[in-house]
Amino acid sequence: MAENADEKYMRIALNLASKGRGRTSPNPLVGAVIVKDNRIAGQGYHKKAGEPHAEINAITAAGRRTQGSDLYLNLEPCNHYGRTPPCTQAILTAGIRRVVVGMCDPNPDVKGGGIEFLRSHGVKVECGILEKECLRLNEAFIKYVTEKRPFVIMKAAASMDGKIATRSGDARWITGERARRFVHRLRNEVDAILVGAGTVIKDDPMLTTRLGQKRGRDPLRVILDSGLKIPLTARIFNLDSSAQTLVATLHNTSDDKKRRLIEKGVEIMAVSTNQGGLDLAELLSKLGRRGILSILIEGGGAVFASAIQSRLVDKFYLFYAPIIIGGTKAVDMVGGEGINRIAGAFRLKDMKTRKIGDDLLVEAYPAG
């Protein structure tokens with residue numbers, strides 16, 4: 001079926017919105033397109049939190065051509081004062097006659113307010129154009145404003161038989177260069193990365209964003225270390241990075257080790273215990289309160305198991321390399337004791353597969 005004009009311009013708005021990935025938190029991704037006489041008069045997107053919203057950028061670009069125009073937005077315009085004034089008033093002042101919205105604002109405090117305001121002032125508003133695509137684009141923002149917790153993405157790289165390391169612990173490199181570049185682009189888009197102490201001790205990673213010639217953004221690095229076992233010489237504690245490193249640990253760990261970490265600029269966050277490990281749900285709630293919208297879990301197997309068993313993962317990126325490692329002592333992707341019966345398995349839905357170089361990427365969501 002051919003795409004109609006509303007869908008065409010909404011898709012342009014979605015593409016514009018995606019340019020703000022990794023820069024707008026804790027705000028949503030929003031693109032705006034102004035159309036006059038079947039031609040684009042102006043367009044824009046929200047580039048960074050605290051800067052003008054997409055609507056304002058599009059109105060500025062269109063100038064006098066906004067009178068009697070149509071405005072396309074993937075998200076309902078704001079009708080409240082935050083770090084910037086409400087966009088609904090700017091829409092009225094610009095003389096826009098019709099607003100096409102992809103989805104309503106999911107924030108319980110403002111949901112529907114922008115649409116209602118515009119309609120009460122004589123602006124024609126239509127909602128729900130490419131709604132599924134709009135919901136998917138802002139899935140992290142939706143989770144954050146409705147549950148006050150970060151959107152959790154699990155990324156793992158494994159052999160075809162599900163191993164993330166050999167029996168000796170060697171894991172470099174299971175996947176190819178293109179898959180690794182994909183992961184760095186993911187890091188550039190999320191607010192935080194999370195790994196366990198075992199991964200840091202074994203691999204000594206930096207957990208920074210490396211995009212070659214392009215400028216990347218380092219997310220907050222969150223390390224689970226209940227016993228503060230990671231040596232102070234680890235690279236993650238000695239980085240030249242604008243992003244913070246945060247160690248989540250138990251309340252009763254060594255005050256001396258905490259002090260030495262703090263002296264290195266590391267933030268310490270005390271978390272309760274849960275079934276022998278750190279309480280991930282409590283940690284995510286604390287991160288949500290500090291404005292973390294999205295977090296990428298990168299390992300290892302025990303952390304993956306804890307997150308999955310606690311039903312905390314919202315999205316999966318699972319890479320499979322065209323190799324077989326084998327061996328009962330090789331490290332499995334998901335650790336823990338596992339389940340007794342297939343009926344109790346953690347199920348996935350909405351699976352998409354694609355090749356990234358020689359590797360296979362499976363993108364999926366929890367089934368329930």
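A salt bridge is counted where a side-chain nitrogen of Lys or Arg lies within 4 Å of a carboxyl oxygen of Asp or Glu. In the predicted model described here, the side chains of Arg-260 and Asp-256 meet this criterion, with an N to O distance of 3.4 Å. Both residues belong to helix H9 (residues 255-263), where a spacing of 4 residues separates them by about one helical turn. Arg-260 is partly exposed, at 35% relative accessibility, and a value of 35% likewise places Asp-256 in the partly exposed class.

In total, the structure holds 23 salt bridges. One of them joins Glu-298 to Arg-187, and the closest N and O atoms of this pair are 2.8 Å apart. Glu-298 is part of strand E14 (residues 294-299) and Arg-187 is part of helix H7 (residues 177-189), so the contact ties together parts that are 111 residues apart in sequence. Glu-298 and Arg-187 are both buried. A further salt bridge is formed by Glu-126 and Lys-124, whose closest N and O atoms are 3.9 Å apart. Glu-126 is partly exposed, with a relative accessibility of 26%, and Lys-124 is also classed as partly exposed, with 49%. Glu-126 and Lys-124 take part in a network of salt bridges that also links Asp-6, Asp-70, Arg-97 and Arg-98.

Strand E14 also contributes to the pairing around strand E8. E8 and E14 run parallel and are paired over 4 bridges, with Leu-194 of E8 having Ile-297 of E14 as its bridge partner. Strand E8 is joined to strand E9 (residues 220-224) as well, again in the parallel sense, by 5 bridges. In that pairing Leu-194 stands opposite Val-222. The path from E8 through helix H8 (residues 197-203) to E9 makes a right-handed β-α-β unit. Strand E8 (residues 192-196) is largely enclosed by the rest of the structure, because 5 of its 5 residues are buried. Ala-192, Leu-194 and Gly-196 point one way from the strand, while Ile-193 and Val-195 point the other way; residues of both groups are buried.

An antiparallel arrangement is found for strand E1 (residues 31-36) and strand E2 (residues 39-45), which pair over 6 bridges. Within this pairing, Ala-32 has Gly-44 of E2 as its bridge partner. The hairpin formed by E1 and E2 has 2 residues between the strands, and Asp-37 there adopts a positive phi near 55 degrees. Asn-38, in the loop between E1 and E2, has a positive phi near 65 degrees although the residue is not glycine. Asn-38 is exposed, with a relative accessible area of 70%.

Most residues other than glycine have a negative phi, and most peptide bonds are trans. Lys-148 has a positive phi near 60 degrees and is placed in the loop between helix H6 (139-147) and strand E6 (151-159). With a relative accessible area of 47%, Lys-148 is partly exposed. The peptide bond from Ser-25 to Pro-26 is cis, with omega near 10 degrees, and Pro-26 lies in the loop between helix H1 (5-18) and E1. The peptide bond from Arg-172 to Trp-173 is likewise cis, with omega near -20 degrees. Trp-173 is located in the loop between strand E7 (163-165) and H7.

Open space in the model was also examined. Rolling a probe the size of a water molecule over the atoms shows where empty space is left. The second largest pocket has a volume of about 540 Å³. Of the 20 residues that line this pocket, Ile-308, Val-334, Gly-335, Ala-345 and Phe-346 are the closest to its centre. Helix H11 (301-309) and strand E15 (315-321) each supply at least two residues of the lining. By residue class, the lining of the second largest pocket consists of 12 nonpolar, 6 polar and 2 charged residues.

Note on methods. Residues are numbered from 1 along each chain as its sequence is written. This is a predicted model: local features need pLDDT of at least 70, side-chain atom pairs count only at pLDDT 80 or more; totals for chains, interfaces and linings use all residues. Side-chain values use heavy atoms; hydrogens and water are left out. Buried means under 20% relative accessible area, exposed over 50%, partly exposed in between (1.4 Å probe, protein chains only). On a 1 Å grid over the protein atoms alone, a cavity is a set of points where a 1.4 Å probe fits but cannot get out, and a pocket is an open set with protein on both sides within 12 Å along at least five of seven lines; lining residues have an atom within 4 Å of a point. Grid points are joined across faces, edges and corners, and a volume is the space filled by probe spheres set on the points. Ala, Val, Leu, Ile, Met, Phe, Trp, Tyr, Cys and Pro count as nonpolar, Asp, Glu, Lys and Arg as charged, and the others, Gly among them, as polar. Two strands pair if DSSP finds at least two bridges between them. A crossover is right-handed if, with the strands pointing away from the viewer, the path from the first strand over the helix to the second runs clockwise.
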